[in-house]
Number of protein chains: 2
Amino acid sequence: MAATYKAPLRDIRFVLHDVLDVSRISRLPGYEDATPDIFDAVLEEAAKMCENELFPLNRPGDEEGCTFENGVVRTPRGFKEAYATFIEGGWTALATHPEYGGQGLPKTLNFVVEEMICSANLAFGMYPGLSAGAYNAIAAHASDELKARYLPKLSDGTWSGTMCLTEPHCGTDLGLIRTKAVPADDGSFRITGTKIFISAGEHDLTENIIHLVLAKLPDAPEGTRGISLFLVPKFIPDANGAPAERNGVACGAIEHKMGIKASATCVLNFDDAVGWMVGKPHRGLQAMFTMMNVARLAVGMQGLGIGEAAYQGAVAYALDRTSGRALTGTKYPDRSADPIVVHPDVRRNLMTMRALNEGARALSYWIGTEIDVSHHHPDPAVRQEADDLVQLMTPIIKAFLTDLGFDNANRGVQIYGGHGYIREHGMEQYVRDARITQLYEGTNGIQAMDLVGRKLSAGMGRLLRRFFHPADAYIAAKKSDPALKELIGPFAKAFQRLQQATAGLAQKAMANPDEAGAAASPYLRMFALVALAFMWAKMAEVATVKIAAGEDVDFHQRKLKTARFFMEQVLPEHLAAFAVAMAGAKTVMAMADDEF
Amino acid sequence: MAATYKAPLRDIRFVLHDVLDVSRISRLPGYEDATPDIFDAVLEEAAKMCENELFPLNRPGDEEGCTFENGVVRTPRGFKEAYATFIEGGWTALATHPEYGGQGLPKTLNFVVEEMICSANLAFGMYPGLSAGAYNAIAAHASDELKARYLPKLSDGTWSGTMCLTEPHCGTDLGLIRTKAVPADDGSFRITGTKIFISAGEHDLTENIIHLVLAKLPDAPEGTRGISLFLVPKFIPDANGAPAERNGVACGAIEHKMGIKASATCVLNFDDAVGWMVGKPHRGLQAMFTMMNVARLAVGMQGLGIGEAAYQGAVAYALDRTSGRALTGTKYPDRSADPIVVHPDVRRNLMTMRALNEGARALSYWIGTEIDVSHHHPDPAVRQEADDLVQLMTPIIKAFLTDLGFDNANRGVQIYGGHGYIREHGMEQYVRDARITQLYEGTNGIQAMDLVGRKLSAGMGRLLRRFFHPADAYIAAKKSDPALKELIGPFAKAFQRLQQATAGLAQKAMANPDEAGAAASPYLRMFALVALAFMWAKMAEVATVKIAAGEDVDFHQRKLKTARFFMEQVLPEHLAAFAVAMAGAKTVMAMADDEF
């Protein structure tokens with residue numbers, strides 16, 4: 001039985017309209033056209049594109065992979081045609097600025113479309129995903145001339161983009177990069193060096209590829225404060241903006257990877273390549289972080305996308321495959337055995353996948369709307385508040401949603417049993433594809449360090465309050481509501497432990513920074529579970545109101561059932577994370593390096 | 001940086017000699033020659049074989065995989081030669097009976113060698129592993145004639161074996177199998193049907209392959225009580241016992257899998273194949289369970305093997321790869337950055353891997369020694385007690401150690417960062433290879449059901465007491481020992497919760513069997529963590545004595561450090577498992593089947 005995917009539009013609409021009220025986005029200046037109806041219409045089109053164009057290429061793309069010959073990278077059969085359809089449909093231009101030919105729709109909408117694309121075909125999604133990152137960095141930091149030349153092409157998707165950070169000897173520790181940029185007389189630079197792990201670094205989908213490259217000027221100070229950002233096109237545009245002279249950048253190899261095999265991961269050799277500086281000298285890392293933060297959230301959506309696809313495959317199989325009889329007696333006497341969905345352990349896996357996916361969807365879309373608020377709200381104080389929350393939640397969404405994607409993919413395989421291990425059924429591909437999301441854009445351990453090392457202390461805890469205050473207020477307002485008590489109770493207790501862990505961590509980390517490092521991962525995990533509990537409480541509240549009003553009662557009953565499962569069966573994981581985060585660094589650090 | 005493997009002989013000796021005192025095995029009748037010195041000598045030879053012959057074939061075997069052409073299966077380059085060396089070294093005959101040419105050494109020793117083989121090359125280990133299962137089933141259930149004809153060849157490895165259970169429409173639910181066995185005039189049978197997922201079903205390593213096949217006689221009752229077991233050789237031996245006439249069994253295809261690509265997973269078509277019955281009519285499942293129980297423990301050792309190999313790879317990388325500086329200040333001023341082993345989150349992963357591996361090693365070797373006691377002790381009461389414990393712990397070892405293998409492989413990849421995702425570094429292969437161990441020989445969900453549904457209630461809780469009594473006695477004896485208090489405390493509390501969960505489960509499951517099913521997986525997980533805590537308490541006790549005696553102090557201090565880490569940082573996971581197991585089936589089962 002092959003994998004299956006239908007965009008979960010009903011669930012998406014529930015979150016967007018009923019839980020988050022995206023109509024408040026259309027009240028923001030510049031988003032007047034993004035009415036809830038437009039949201040729905042765009043999402044229906046996106047669903048068709050993902051289900052009909054991208055999903056059918058997912059398995060064959062994995063089997064065929066990309067090929068590399070004489071410096072040329074070819075994507076798997078069908079990818080070129082699908083990409084042409086994709087840009088024709090305007091999907092690369094969805095949230096880009098109208099000044100550069102974009103549709104200027106909210107980022108929230110982009111978030112949702114990203115989830116669908118990644119459910120359907122994660123490897124395909126890498127190509128437009130990287131372009132979006134490049135677009136954002138150029139839009140935020142480049143000169144008007146560079147913007148005018150490159151943004152329209154990145155927006156309409158005829159050109160694509162990359163982020164060139166990693167070198168063979170350094171990934172996270174970018175202060176060590178060796179790629180050099182030498183100024184030329186005409187204001188441009190000559191870039192020389194080797195970059196690795198460059199997604200979409202070379203391929204056959206677009207007529208040009210725009211690399212954003214971190215490099216060091218000759219007079220650069222040591223470390224991360226000496227890095228500049230350069231725009232290096234594969235083909236240098238001529239006076240009319242058409243791709244002309246081949247630049248000094250070449251693909252040296254593509255990596256042989258565990259998964260996302262249809263995404264070309266390239267070694268790029270820059271040899272006196274012509275480039276233009278983006279932003280200020282030595283400030284390249286700040287500019288790159290514009291891309292990275294957006295990219296981290298996008299990677300989180302990749303996790304959710306896989307998590308949803310794995311769930312759908314697992315449900316289809318659990319309803320179809322028969323084995324044994326229900327423990328409480330035969331449920332399907334007409335069949336030679338009951339479908340495995342009757343077995344409690346199978347159901348535990350299905351419900352866990354479902355509760356995690358739906359909770360993560362609410363959380364990530366919420367942060368999506370806050371991005372729009374942070375860019376478009378007329379009040380700078382409101383913009384700042386929204387941006388604070390986005391910053392706080394970025395490492396949590398990146399790490400937790402990618403862990404979720406991988407874990408759900410594995411739950412899906414487990415439900416398939418031995419058949420899950422066979423490539424043709426498509427479930428094991430989700431495991432292999434999801435695995436990269438926990439590693440790139442900063443491993444999930446790095447995300448945890450970002451959370452405890454940077455985000456918690458930022459502005460004397462200001463970022464943290466952007467989550468703690470609304471959670472606190474919500475609990476205070478709803479804890480006596482008889483319809484919600486059973487759900488608010490566990491959420492409130494978990495939130496209290498999170499506050500306790502936060503206070504404990506802040507205190508211990510001052511005396512010894514290893515305390516923050518040792519607690520980081522379990523602390524992030526705990527924070528994410530509490531955030532999901534918050535989302536489930538809110539979703540249950542909405543569902544209760546809808547049920548009372550007689551609206552789509554079955555659908556909203558399912559939300560309540562899943563909310564209760566989350567609180568009883570998923571949230572308790574925070575107890576272990578709490579205990580471990582509070583236990584301290586001593587046993588973690590006790591071994592000398594050479595004792596391992 | 002490529003993966004690396006050295007057999008952890010010092011750790012193995014610690015468990016065998018100092019913790020488990022294997023000299024008591026050599027005091028069992030029949031094992032007089034298996035002195036501790038012999039153990040060590042065999043293990044040193046096994047280490048050489050695994051490190052030098054099997055490990056170098058692991059990566060290339062994965063890349064090349066098995067090939068299938070015109071009914072012929074070819075193993076990857078080097079496998080034939082390695083297999084020849086393997087059987088020449090007598091490794092297939094290690095624990096087989098001297099009557100059939102075996103060395104008759106204890107099963108415990110076999111367990112340890114299995115761990116090493118699976119660290120070095122899991123896919124290779126499948127071939128002799130399946131043979132051992134076939135050997136055991138024939139030795140336990142077949143006629144003397146079949147034994148005399150087949151066991152010497154399986155023992156010396158010139159022939160190999162398989163287990164043919166699964167059919168396309170049924171795996172766990174064997175009552176549904178359709179393969180038929182029709183009696184012939186000469187006392188043999190004619191077998192017809194299709195079996196899938198047959199490991200080592202066809203290959204080029206041995207001159208004959210002996211299939212053990214579940215099939216139904218014409219008069220068979222419905223369900224699992226109508227299944228018989230047949231021995232079906234690929235080539236029917238002639239009067240001299242040499243492989244002669246080709247039998248009616250053919251490989252129809254090999255599966256394209258996520259991992260263990262060098263292990264041929266075959267579709268086998270039986271078409272009027274000649275077979276002989278093993279055991280009694282309609283009692284095939286019982287006979288097959290002889291193989292299955294041994295196989296389940298062996299699969300557990302596969303998990304530990306991968307867990308150990310992943311740990312070693314991760315340590316080597318963490319000491320070599322540099323990135324950033326220690327949070328508490330530069331540790332390696334001579335290097336441009338500190339090795340990542342200084343970072344607390346990396347260390348958390350390394351310590352977790354280490355604590356799980358060493359705890360699981362102690363637990364599984366303990367059960368290995370109990371197998372020997374259950375077979376060789378002169379007192380039937382002692383044999384029964386030992387067998388009870390083995391039965392109780394079999395699903396726990398299968399499920400927990402394979403989860404451990406997969407999780408540790410993923411921790412290894414995480415430490416490698418993006419490099420872990422690249423095939424040439426070898427870490428992602430561990431993830432793919434380990435994944436099957438959670439699925440075959442009964443998925444880990446099935447193991448959990450076996451534990452709560454069969455093992456807990458067996459003999460009115462008699463099996464359970466074989467673990468609870470010694471744990472209880474140990475806590476009572478040691479809890480006041482000042483040197484052990486800090487370790488016994490957490491173990492005792494966790495054990496108390498396990499007792500509480502057991503009592504709660506027994507009570508609730510009587511009213512509603514879904515309660516047992518819903519709690520099964522978290523209950524098994526909790527049980528395993530408590531069992532590991534028991535092992536770590538014992539290991540810490542031994543280490544404390546050795547340190548006091550001035551013996552190999554550094555080594556034993558590392559044991560103490562890891563024991564403390566286990567209690568503070570790993571064991572708390574049981575809190576979540578406890579909460580979830582106690583929460584009940586209601587929310588797990590709330591959704592109707594068609595609501596998913």
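Author: A residue is called buried when its relative accessible area is under 20%, exposed when it is over 50%, and partly exposed in between, as found with a 1.4 Å probe on protein chains only. The model discussed here is predicted, so local features need pLDDT of at least 70 and side-chain atom pairs count only at pLDDT 80 or more, while totals for chains, interfaces and linings use all residues. Residues are numbered from 1 along each chain as its sequence is written, chains are lettered from A and ligands numbered from 1 in the order in which they are written, and side-chain values use heavy atoms, with hydrogens and water left out.

Reader: Which feature does UniProt place at residues 163-272 of chain A?
Author: UniProt positions are given in the numbering used here, with shortened feature names, and annotations may be inferred rather than shown by experiment. Over residues 163-272 of chain A the span is 0% helix and 47% strand, with its end C-alpha atoms 18 Å apart; helices (H or I, at least four residues) and strands (E, at least two) are DSSP runs, numbered from the N terminus. The feature that the unreviewed UniProt entry places there is "domain: Acyl-CoA oxidase/dehydrogenase middle".

Reader: Is A:Ala314 buried or exposed?
Author: A:Ala314 belongs to helix H8 (residues 284-320) of chain A. If neighbours up to four places away in sequence are not counted, A:Ala314 touches A:Leu350, A:Met353, A:Gly412, A:Ile415, A:Tyr416 and A:Met427, where contact means heavy atoms within 4.5 Å. Because its relative accessibility is 0%, A:Ala314 counts as buried.

Reader: Which residues does B:Ile475 contact, leaving aside its neighbours within four places in sequence?
Author: B:Ile475 is found in helix H13 (residues 462-478) of chain B, and with a relative accessible area of 10% this residue is buried. Its contacts, once those sequence neighbours are set aside, are B:Ile488, B:Phe491, B:Ala492 and B:Phe495.

Reader: How many disulfides does the structure hold over all chains?
Author: A disulfide is taken here as a pair of cysteine sulfur atoms within 2.5 Å. Over all chains the number of disulfides is 0.

Reader: Which cysteine sulfur is nearest to that of A:Cys266?
Author: A:Cys266 is buried, as its relative accessible area is 0%. A:Cys266 is in no disulfide, and 4.0 Å away lies the nearest cysteine sulfur, that of A:Cys251.

Reader: What area do chain A and chain B bury between them?
Author: Buried area is the accessible area (1.4 Å probe) that two parts lose on being put together, summed over both. In this interface, 92 residues of chain A are in contact with 92 residues of chain B. With 59% of it on carbon and sulfur atoms, the area buried between chain A and chain B is about 7900 Å².

Reader: How many salt bridges does the rule find across the interface of chain A and chain B?
Author: The rule asks for a side-chain nitrogen of Lys or Arg within 4 Å of a carboxyl oxygen of Asp or Glu. One pair that crosses between chains joins A:Lys561 in helix H16 (residues 553-570) of chain A to B:Glu595, in the segment after helix H18 (586-589) of chain B, and the closest N and O atoms of that salt bridge are 2.9 Å apart. A:Lys561 is buried at 18% relative accessible area, and B:Glu595 also counts as buried, at 13%. Across the interface of chain A and chain B, the salt bridges found number 4.
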